[in-house]
Amino acid sequence: MLVFAASDKGGTGRSVTSSNVAYRRALAGDDVCYLDFDFGSPTAAAVFDVPGASRGVAAGGLHSHLQGRHTEPHRIDVWAESEHDELRYRPTGSGRLVLLPGDRDGGEFAIGKDTVRRCVNLFLQLESEFDVVVVDLSAGRSYAVDMVLEATAQPELQGALSRWLVFHRWTHQHVIAAHGLVFGERGIVAGGVERGHDKGALRDSIRFVRAAVPDPESPLWSHVPLAQSEWMRTCDRDLTQLAAELDLGYARLLGKIPLEPVLQWREQLITDEDVLASKVAGMATRQALEELAAALVDDEAWERQ
């Protein structure tokens, strides 16, 4: 399965949430590969706590590979190379967790036929080797988004299962921006159709993930003044209505992640130690990540329209 993680804006929680989903799928026994296609800022390794690649690798990253400068992209075995105490040893029953980083000074680059062909071959190789391949894309309608739309339209990949997760924060601007990224005149659906994708099939492959969602009923907000509490509830209702009007409502919602200080300030994987031992992260966040990871591979969740 190919999973494309997209967002219209930066700071949506796309990378940290999709990294946590990859981690949870690996804990569940899947062999998982995570590709850092955020070419303008390849920092996914920081979430997995691999300091040597926190800003990308010096050579052999995905930039170099897709541009034909390296035959094989650099691979990082997260279980073996992470400096996170809870990740140093592969848990019993877990699958592989492999990161393909970008190049340290790569930056965005225009695509051509050769680049698309290398991308197709890379996806074919990884899709046959791993159960789940998560591709973390640059924010907005980027070269990375255009490349994967072009690649997945090729005959060789039309039989591969592809799913899109579009991340947005729970604010008016982010909801509107997420709608534009997917359904806008130059959005993912229009761009895919232009490249030969079936419009209905592409729309059905897209689900939304709300990140940093404050819960007015949670203990975190239990001591705010009554007027502020009522204002938060009103905002939440307004946003729910707006999301429904823009086709980002329940039928297209795969999951929502609570506002979590650990994710906001550290952008890290949420481990059981963080929740059960040190208790720096909330149980609700762990549960939400587990549910999102489960829904990702649940066909019934994707059939809901």
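These legends describe close-up views of a predicted model.

**View 1. Eight strands form an open sheet.**
The strand order is β3-β4-β2-β5-β1-β6-β7-β8, and the pairing is mixed. Two strands sit at the edges: β3, residues 76-77, and β8, residues 253-258. Each of these edge strands pairs on one side only.

**View 2. Strands β2 and β5 run parallel.**
Strand β2 covers residues 32-37, and strand β5 covers residues 132-137. Six bridges join the two strands. Look for L35: its bridge partner in β5 is V135. Helix α5, residues 113-129, packs on the sheet. This helix touches β1 (2-7), β2, β4 (97-100) and β5. The direction of α5 makes about 160° with that of β2. Helix α13, residues 283-296, also packs on the sheet. The strands that α13 touches are β1, β5, β6 (162-169), β7 (206-213) and β8. Its direction makes about 160° with that of β8.

**View 3. Strand β7 pairs with β6 and with β8.**
How many bridges join β6 to β7? There are six, and the two strands run parallel. Within this pairing, V166 stands opposite F208 in β7. The pairing of β7 with β8 is also in the parallel sense, over four bridges. Here R210 has K256 of β8 as its bridge partner. Strand β7 is mostly covered, with eight of its eight residues buried. In a regular strand, side chains alternate between the two faces of the sheet.

**View 4. W164 belongs to the largest nonpolar core.**
This core has 48 residues. Which of them touch the most other members? They are L35, F37, F123, L137, W164 and I188. Take W164 as the centre of the view. Leaving out residues up to four places away in sequence, W164 touches F4, A6, L137, V145, V148, L149, I188, L202, S205, I206, R207 and W302. Another core, of 44 residues, lies apart from the largest one. Its members include V47, V262, A293 and A301.

**View 5. Helix α6 is largely enclosed by the rest of the structure.**
Helix α6 spans residues 143-152. Why does this helix count as largely enclosed? Eight of its ten residues are buried. The buried residues are A144, V145, D146, M147, V148, L149, A151 and T152.

**View 6. Helices α7 and α10 come within 10 Å, axis to axis.**
Helix α7 spans residues 172-183, and helix α10 spans residues 226-245. Their axes cross at roughly 10°. Because of that angle, α7 is roughly parallel to α10. On the α7 side, the contact is made by H172, V175 and I176. On the α10 side, D238, L239, L242 and A243 take part. By class, the residues of this contact are five nonpolar, one polar and one charged.

**View 7. Helix α1 packs against α13 at about 70°.**
Helix α1 covers residues 14-27. The axes of α1 and α13 are 9 Å apart. Is the pair roughly parallel or roughly perpendicular? The angle makes α1 roughly perpendicular to α13. From α1 come T17, N20, V21, R24 and R25. They meet R286, L289, E290, L292, A293, A294 and L296 in α13. This contact has six nonpolar, two polar and four charged residues. A293 is also a member of the 44-residue core.

**View 8. D49 has a positive phi.**
D49 is found in the loop between α2 (44-47) and α3 (62-66). Its phi is near 60°, a positive value in a residue other than glycine. D49 is partly exposed, with a relative accessible area of 27%. Which residues does D49 touch, not counting those up to four places away in sequence? They are E81, S82, E83 and H84. The C-alpha atoms of D49 and L269 are separated by 8.6 Å. Along the chain, these two residues are 220 residues apart.

**View 9. E267 also has a positive phi.**
The phi of E267 is near 45°, and E267 is not a glycine. E267 lies in the loop between α11 (261-265) and α12 (272-277). With 48% relative accessibility, E267 counts as partly exposed.

Key: Residues numbered from 1 in each chain as written. Predicted model: local features only at pLDDT ≥ 70, side-chain atom pairs only at ≥ 80, totals over all residues. Heavy atoms only, no water. Pairing = 2+ DSSP bridges. Contact = heavy atoms within 4.5 Å. Axes fitted to C-alpha atoms, helices over the stretch in contact; angles between N-to-C directions. Core = buried A, V, L, I, M, F, W, Y, C linked by side-chain atoms within 4.5 Å. Buried < 20%, exposed > 50% of the residue type's maximum accessible area, 1.4 Å probe, protein only. Parallel < 35°, antiparallel > 145°, perpendicular 65-115°, else oblique. Nonpolar A, V, L, I, M, F, W, Y, C, P; charged D, E, K, R; others polar.
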